Structures are given as structure tokens and as C-alpha cells.
Amino acid sequence: MSVCFPASRYMRRILREPFLLLILTGIILCLLIFVAYPMIRVFSYPSLKDFVQVPQNIRYLRAIRNSLLMVVLSTSTATLIGFLFAYTITRTDVPLKKVLKVISILPLFSPPFMVAFSYLMMFGKNGLITAQLLGLRVSIFGWHGLWLSETIAFFPVAALIMEGVLQSIAPSLEYAGRNLGATGFKLFRTITLPLARPGVAGAALLVSILILSDFGNPIMIAGDFSVLVTEAWMRVEGWGDVRGAAVLSSILLLPSLIIFMIQRYWVRQRSYVTITGKITQVEKEPTRWYIKWTLFSLCSIVAVMILLVYVALLIGAFVKGWGFDWTLTTNYVKSIFSRSPELMHSLTFAVIAGFASSLFSMTAAYLVSRKRFLLRKFVDFTCILPAAIPGIFFGIGYSIAFTRPPIDLYGTASIIILSMIFWNVSMGYQTGIGTFQQISPSLGEAAANLGASSMKIFRQIEAPLIKTSFFSAFVVSFIRAITTLSVIVFLSTSRNVVATFTIMNLVSDGFYGKAAALTSFLLVIAFAVLGLAKLVIGKRMELFRV
Amino acid sequence: MGEYHIRIVNVNKSFGPVEALKNVSIDIPRGNFTTFLGPSGCGKTTMLRTIAGFYELKEGEIYIGERLINRVPSHQRNAIMVFQDYALFPHMNIGENIAYGLKIKKIPNEEIKSRVEKTTSYLGIQGLEKRNPGQISGGQQQRVALARALVMEPEVLLLDEPLSNLDAKLRMNIRAELRQIQKRLGITTIYVTHDQAEALALSDQIAIMDTGRIIQSGTPWEIYYKPLNEFVADFVGTANLITGRVSESSDKYLLLDIDAAQIMIEEPNLSVDTGSTVTLCIRPETIEIFKGMPEDKTNVLKGKIVNYIFEGSQIRYWVEIDQKKVVVDSFDPSEKGIYEGEVAIRFHPKKMHILYGKE
């Protein structure tokens with residue numbers, strides 16, 4: 001019984017604070033109902049027979065094979081380009097470094113399907129570049145288009161992670177290497193690369209989860225080349241086969257969960273990244289000219305590929321008929337204001353979800369890092385878990401769990417908002433945990449020791465830091481919510497339709513103009529919120545903590 | 001010792017608007033242990049890194065032997081550095097760490113093996129080869145870092161505060177060891193520290209640095225007893241700085257009026273004009289302390305003890321004289337006991353140092 005003793009003692013302490021207990025119960029209940037329950041429903045909805053029959057289904061097998069192929073291809077290229085960028089930005093003196101860096105993070109704040117959509121406009125059958133400028137009769141449609149889009153859409157994540165890794169390698173290690181005789185490539189091969197290797201592995205794993213669960217790009221550009229996520233969607237859309245979709249999503253969840261665990265609990269521990277304080281003025285060894293210009297050209301090509309995405313959207317929003325009628329028009333932009341409930345829906349849902357998600361996750365983070373209670377491990381795990389859940393799985397879970405009694409939210413705004421809230425919980429939660437770790441309890445103790453009351457401690461010491469990370473959490477949740485397609489694709493009906501869903505339908509029906517206009521507006525909103533937040537919190541804002 | 005091994009001539013270095021080194025010049029004899037000593041931000045580490053070749057040198061010259069090394073890359077200078085944080089490669093074990101430089105130089109494996117063995121046994125760190133840097137103690141890490149440098153048989157050894165991450169006792173031990181190794185190998189060594197005790201204990205030559213300049217260089221004895229100005233006097237050891245007006249001046253002696261009394265200095269180190277103001281540096285251990293008045297009343301001042309610290313082998317007193325505090329170290333208090341209240345102190349006429357110039 002001695003094992004139970006500490007927990008029961010903590011519980012008793014919590015019982016003495018009824019308000020705290022109430023919040024705690026609320027959080028645990030929410031996590032049970034809105035994270036754990038829908039997941040269980042996905043697994044339990046199909047019968048065992050459905051799972052057993054998977055190896056006999058040729059379409060399933062093909063989807064599995066295609067998904068694997070794309071994970072291998074796109075992860076490799078995205079990680080490679082990510083490393084290229086990170087290395088160029090942290091270790092060389094190429095010109096326009098700041099510009100390259102800014103361009104490389106743009107896709108992080110854009111709808112994931114946007115890259116595929118734009119490339120379709122640029123390099124498709126009626127593509128501006130392929131057909132109009134070069135007069136080629138080729139199309140990017142298919143697996144190679146998907147490969148390109150996913151690489152461009154997800155390399156920024158890898159770049160961001162590896163930049164952090166490269167920056168945290170103690171400068172003295174590279175100095176020591178140079179001093180002992182290693183120069184140029186030898187230094188890179190024997191010191192820099194091996195030290196970055198765990199970080200590279202971590203980045204690759206995270207990117208592979210994103211690619212495995214990517215829905216927007218394959219649905220727009222892959223065509224017949226179906227991967228697990230799109231196959232799941234086809235099941236429901238084409239045959240009304242929710243069971244099949246549940247089976248496919250379950251197959252999808254397993255690898256991403258495993259990869260996530262490996263990344264979190266194994267690679268992280270092997271990381272060499274140590275913060276040894278004292279960052280001295282580092283004078284970089286001048287990069288040799290041919291390396292410098294090779295890196296610069298490669299990064300520039302990638303940067304141009306990113307910019308093309310936005311250029312295509314802008315042009316697309318203002319021309320009458322993409323591919324055949326290039327006269328300018330403002331009709332599409334106007335029509336968005338006149339008769340488009342989806343944009344209003346997107347905005348309001350994302351604001352509510354972003355706010356609620358940040359509030360929920362920060363509260364959970366506070367409780368987990370500062371209080372001892374029963375089920376603390378469960379709260380911690382369930383709050384991180386959504387990061388490993390493919391959006392499509394989450395969406396199917398909600399559509400199975402909450403569209404029939406006891407909880408019937410079919411076609412309501414609530415079901416979409418709830419799915420956005422809990423799918424994004426992990427983002428704010430990890431930011432929150434980071435913040436509370438940063439605020440050492442001894443800070444509060446010191447203040448208390450000097451005579452500050454606990455309210456005062458909170459207001460003067462903890463609140464300012466929390467405010468910053470709350471804003472960061474809000475921005476990330478908001479942008480993810482307003483740009484997500486995979487989560488809401490199974491939940492949207494004509495009553496609660498959001499912009500991303502409409503865009504998907506418009507693109508698949510070939511209405512590029514209105515789709516481009518709508519996407520542009522989503523982008524404007526996302527970047528406006530981002531800019532506003534940057535203005536309010538400034539440099540301390542930490543987005544996309546990974 | 002005759003010939004200079006390293007010559008640093010008029011070196012300037014700035015980082016953007018910050019001037020880190022201003023006109024630094026110093027000559028270092030072969031086999032000499034030279035320390036750059038100064039507060040943080042004084043430019044001592046920048047100097048060391050410039051010698052190591054991590055910073056580009058645009059103004060000034062550095063010679064190792066006859067060779068101008070301004071444009072020689074770091075690894076061809078044969079000047080190996082031991083870093084403050086040791087910079088042991090975390091992805092290699094101890095053996096690989098020590099052998100790293102030799103491998104890069106493509107030394108045959110046999111020779112690498114024997115040289116690594118020789119160095120590790122020399123530094124008393126045999127048997128650690130298969131461990132990782134994280135698995136050994138701070139003192140061992142320190143030795144491994146030293147081994148990695150020494151195994152290269154460098155012409156010049158550069159040490160960047162290598163003892164600052166060790167606890168006090170270990171620091172004392174390794175300090176003694178370091179000096180012994182350096183003497184035995186006869187390797188020209190440049191050491192950087194902010195710890196004046198370390199500098200005094202280790203060095204043949206100390207260069208005191210402040211705001212990018214070398215303020216004074218000399219032997220530890222010179223630096224301690226003949227400081228050039230108040231900064232040096234204050235930074236190295238404890239100094240009583242007393243200012244007064246010269247009332248009589250000759251080659252043999254000097255009379256100085258301070259607030260309370262007149263002080264006589266025999267054999268002054270500088271000739272100064274009558275009527276000018278000078279500052280004296282008087283080390284605490286050169287001052288005598290008496291309960292009651294001594295018979296010879298030259299240079300005796302009366303005062304009151306305001307505080308003391310008993311340190312076993314000595315007592316440090318703070319004696320107030322005319323609202324000024326004078327620090328006095330009294331050695332071997334075994335019979336005298338601890339004084340309190342009114343006392344008299346005496347400045348030794350030959351143990352006072354006149355500072356050049358007043359800042």
C-alpha cells in the first residue's frame with residue numbers, strides 16, 4: 001500500500017481545493033470524451049473480420065504500398081532540403097540569408113493542400129508554365145506531382161528543427177575540430193554531421209508522420225494514385241463504407257504512433273544538444289566560394305518554388321478561366337464576400353477553437369507541471385497524443401462517435417469546433433509545458449520568501465510569461481484550424497461547411513478561379529493573425545515548438 | 001630562453017563597433033608560461049583565439065618562431081587549444097577523442113596507438129579509452145582535453161580558463177600538475193584566466209589586460225609588488241591605496257603628507273616632485289599591527305579595528321584610520337591572539353610602492 005500513499009496524499013491535498021478539483025475533473029472528462037473515446041470508436045467500429053480481410057483487398061494493399069512509397073520518397077527529399085536550408089542559414093555566409101529564411105517558413109502558415117493546388121495551376125495539363133510558357137503537353141498530375149508538393153510543403157518543418165539542432169551545437173566543438181586539423185568538408189563529415197545526426201533523425205521522423213497523414217496534397221494532385229488517407233476518403237465518399245475508412249485509418253494510425261514514440265522517447269534522449277551557457281561570439285570560417293554558391297543556388301531554386309505557389313494563387317484569383325481565358329476579373333474575389341458562408345465559418349470556428357484550445361492546453365500544462373494528482377500521466381499522454389494522430393483518423397473518429405446518440409452533433413458547428421480544439425491540443429500543451437519548465441518553481445519560492453502573496457507571484461512573475469506562450473499557442477491553433485482539411489473533411493455538411501472543404505470541391509470540379517480566391521483569403525487571414533501576434537508579443541513568440 | 005618564440009605585434013581586432021583588442025603587443029620566450037589575466041570582457045579570450053587562428057587577423061602581426069602566421073589556417077599553426085568547456089566530441093569515445101587530430105593528419109595507426117598510450121599514461125588517464133565523455137568526471141574530462149592537445153606534440157599550447165569548471169580542491173591539484181607538466185615538456189604555453197591567484201601561481205610572465213589593452217606585463221612578483229597603476233594593484237591581490245602630497249623628495253627618501261600623519265618612504269621606486277600628489281600601493285602583509293604603541297614611531301598610525309576574519313594561518317584586520325579603512329594581514333596569530341579595539345599599525349618604509357600616475 002505504500003506505493004499508493006503519495007498519490008492518495010496528493011489527492012487529499014487537491015480535494016481541499018474544490019475549484020482545482022472541478023477544473024481537473026473537467027479536463028480529464030474532456031480528454032476521455034473528445035480524444036480517447038473517438039479513437040476507441042474508430043477501432044471498435046469495424047468488426048474483426050474487416051481487419052482480417054485487409055490482405056485480400058487489392059485496393060487497400062495498393063494504398064498501403066503507395067503510402068509507404070511516398071513516405072520514403074517525400075521524407076527523404078524534405079529532410080535533405082531541410083538540412084540544406086538549415087546548414088546554409090546557420091553555417092555559411094551566403095547573401096540574402098534572411099530572405100531565404102523567411103520564404104522557407106511561409107509554408108508553415110499556409111494550408112497544406114495549397115502547394116499541390118498551385119502546382120496544378122502552374123505545371124498541370126493547362127499549367128501556366130508547362131502549357132502556356134513552354135508549350136509542353138505534360139502534367140504533374142500523379143505520384144511525381146505529389147512527391148514535389150509534399151517535399152515543398154513539409155521541408156520547412158525539417159529545416160526549422162535542424163536549424164535549432166545546428167545552432168545548439170557548442171561552437172567550441174567545431175573550433176576544436178578545426179584546431180586539430182579538420183577543415184571544410186572533413187570538419188563537416190567528422191564533427192558537424194555526426195553531432196547533428198540525432199536531430200536529423202528526429203526531423204525525418206516528424207516529417208514522415210506529416211507526410212503519412214497528409215490529405216490535402218494527394219487529394220488534389222495524386223489522381224488515381226491513392227494513398228491510405230485518400231483511399232479512406234474514397235470509401236466514404238464513393239461507397240458510404242465507413243467501416244472500410246475506419247479500417248484504413250487504423251492502419252494509418254499505427255505507424256504514425258510508433259514513429260512518434262520513437263521520435264519522442266528514443267531519438268530525443270540520444271540527442272547531443274546541450275545548452276552549455278556562454279555562447280561566445282562566433283566568427284565563422286569563410287565558406288569556400290564554390291560551396292557557398294552551390295548552396296545559394298540550391299536554396300534559391302527551392303525558394304522560387306515556394307514563391308511560385310503564392311504567385312499562382314494570386315494570378316488564379318484574378319483570371320477568368322485558368323488555362324483558356326486569361327482575361328482579368330474581380331468576380332471571384334467579389335463572390336467570396338457576396339455568397340460564401342464558408343469563409344465566415346472558417347474564421348469564427350478557428351477563432352473559437354484556437355482560443356478554447358489554447359486555454360484548455362495551457363490549463364492542462366499548468367496542472368501537469370505544477371500539481372501532483374491521480375491520472376497525471378494520462379493527462380500528459382493524452383494531451384500530446386493528438387500530435388501523432390493523422391487528421392483523417394481524428395475526423396473519422398468524430399464522425400463515428402458524435403453523429404449519433406448519445407452525442408449527436410451531426411452537421412453542427414460544434415462538431416467542427418470540437419474537433420479543431422482537441423486536434424490542436426498538443427501544440428499549445430507542449431508550448432505550455434515548455435513555459436512552465438522555464439519558470440522554475442524556485443522563482444515563485446524566492447518571491448514568496450521575499451513576501452509576495454501567491455496572487456502577486458502569479459501576476460508579476462508567471463503571468464507575463466504565460467501570456468506570451470498563450471498567444472503563441474493561439475496563433476498556432478488558429479492557423480492549423482483555419483487551414484486544416486483532413487480533420488473536417490468527414491464532418492462538413494452544407495450547414496457547417498468551411499472554406500477548405502469548399503476549396504477541395506472547387507478544385508476537383510476544375511473551378512480554379514474561385515478556389516484560388518478563397519485560398520488567398522485564407523492566407524491573408526492567417527498571415528494577418530501572424531503579423532498581429534508578432535506585433536503584440538514581438539520576438540519572444542515561439543511558434544511550432546517541436 | 002633567449003630567443004622569443006611568439007611575438008605579437010600591434011594587434012587590433014574589432015567585432016562590429018566593439019573594439020576587442022587595441023594595439024596589443026607582447027613577446028613570449030620559448031618554453032615560457034604566459035598568462036593573459038583580466039576581468040571578463042577584457043579581450044583575453046579574443047587574444048587567445050586570434051593566436052589559435054579562429055579569428056581573422058587584419059591589423060597587426062603574430063609570429064611563431066620566424067613564421068608570420070596571420071594567414072596560416074588554425075591547424076597549420078601547431079598551436080593547439082584546450083577549451084574552457086573542454087569541447088570533447090560527444091559522439092566519440094575518449095580514445096577517439098584523443099586520437100582525432102592524429103587521424104586527421106593521417107598518422108599511421110601504430111604510431112597513433114603508441115602516442116595515445118604515452119600521453120594517457122603520462123596524464124594518468126589510462127583505461128578510459130572506451131568510455132564516453134559524459135561518463136567520466138570533470139577532472140578526467142579536463143585531462144582528456146589536455147591529452148587531446150598534447151598528443152599532437154604542439155609547438156604552442158593554448159589554455160582557455162581550463163580550470164574554471166572544476167571544484168576548488170581539484171583546481172589546486174590540477175594547477176600544480178599543469179605547471180609540472182609544462183615545465184617538464186618545456187612547451188611554450190599561453191594561459192587565459194580571470195583568477196589572479198591562478199595566474200600568480202602558474203606563470204613565468206603575466207600580461208594584465210583591461211578593455212582590450214595590455215596594461216602591464218611582467219613576472220608575477222613584479223605584477224604583485226610593482227603594479228603600474230591602481231587597476232593592476234587592485235586586480236591582483238589586495239591593495240591599500242593611499243594618496244598623499246609629497247612634502248620632501250630626494251633620491252634616498254620621500255616624505256608624504258596624508259590626512260592624519262606623515263609617511264616616510266625609503267628608496268622610492270620613482271622620483272617625484274615636491275608638491276605633487278601620488279598614490280601608494282601597500283600590500284596588507286607588509287603592514288605591522290601592534291596593541292599599544294611601539295617604541296620606534298616612524299610611519300606609525302593609530303586606528304581602530306572595525307572588522308576581522310580569522311583564517312587560521314593569518315588574521316585579516318580592517319583598521320579604520322581617519323574614516324579610511326586599511327587592510328592588514330597578521331601572520332601566525334598563535335601567540336598574539338586576536339586584537340580588538342584601538343591598535344597601532346606601521347608601514348614598512350621600504351615596502352611601499354609608488355604608483356605611476358593617478359587615474
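In this predicted model, the face of helix α5 of chain A that is turned away from its buried side carries the exposed residues A:Lys98 and A:Val102. The helix covers residues 97–105, and its buried residues are A:Leu100, A:Ile103 and A:Ser104. Seen down the axis of α5(A), these buried residues fall within an arc of 100°, so they line one face of the helix. The partners of the buried residues of α5(A) are α4, α8 (143–167) and α14 (289–318) of chain A, against which they pack.

Eleven of the 14 residues of α20(A) are buried, so the helix is largely enclosed by the rest of the structure. Among the buried residues are A:Met427, A:Tyr429, A:Ile433 and A:Phe436, as well as A:Gly428 and A:Gly432.

How many residues does each chain bring to the contact? Chain A supplies 19 residues and chain B supplies 21. On the side of chain A that touches chain B, the elements giving two or more residues are α9 (171–179) and α10 (184–212) of chain A. Of the elements on that side, α9(A) gives the most, with six residues. By type, the residues on the side of chain A that touches chain B divide into ten nonpolar, six polar and three charged.

Chain B has 359 residues, of which 38% are buried. Its secondary structure comes to eight helices and 20 strands. The C-alpha trace of chain B spans about 75 × 45 × 40 Å along its principal axes. Of the contacts in chain B between residues at least 6 apart in sequence, 65% join residues at least 24 apart.

The confidence of the prediction remains to be described. Chain A averages a pLDDT of 85, and 90% of its residues score at least 70.

| Helix of chain A | Residues | Mean pLDDT |
|---|---|---|
| α1 (lowest) | 4–15 | 59 |
| α4 (highest) | 58–91 | 94 |

Over residues 1–5 of chain A, pLDDT stays under 50, and the model has zero contacts beyond four places in sequence for them. Over residues 274–281 of chain A, pLDDT also stays under 50, with five such contacts. Where pLDDT is low, the predicted coordinates should not be read in detail.

Note on methods:
Residues are numbered from 1 along each chain as its sequence is written. Chains are lettered from A and ligands numbered from 1 in the order in which they are written. This is a predicted model: local features need pLDDT of at least 70, side-chain atom pairs count only at pLDDT 80 or more; totals for chains, interfaces and linings use all residues. pLDDT is the predictor's confidence in each residue, from 0 to 100. Helices (H or I, at least four residues) and strands (E, at least two) are DSSP runs, numbered from the N terminus. Two residues are in contact if their C-beta atoms, placed from the backbone, lie within 7 Å. A residue is buried if 20 or more other C-beta atoms lie within 10 Å of its own, exposed if 12 or fewer, and partly exposed in between; C-beta atoms are placed from the backbone. The arc is that of the directions from the helix axis to the C-beta atoms. Ala, Val, Leu, Ile, Met, Phe, Trp, Tyr, Cys and Pro count as nonpolar, Asp, Glu, Lys and Arg as charged, and the others, Gly among them, as polar.
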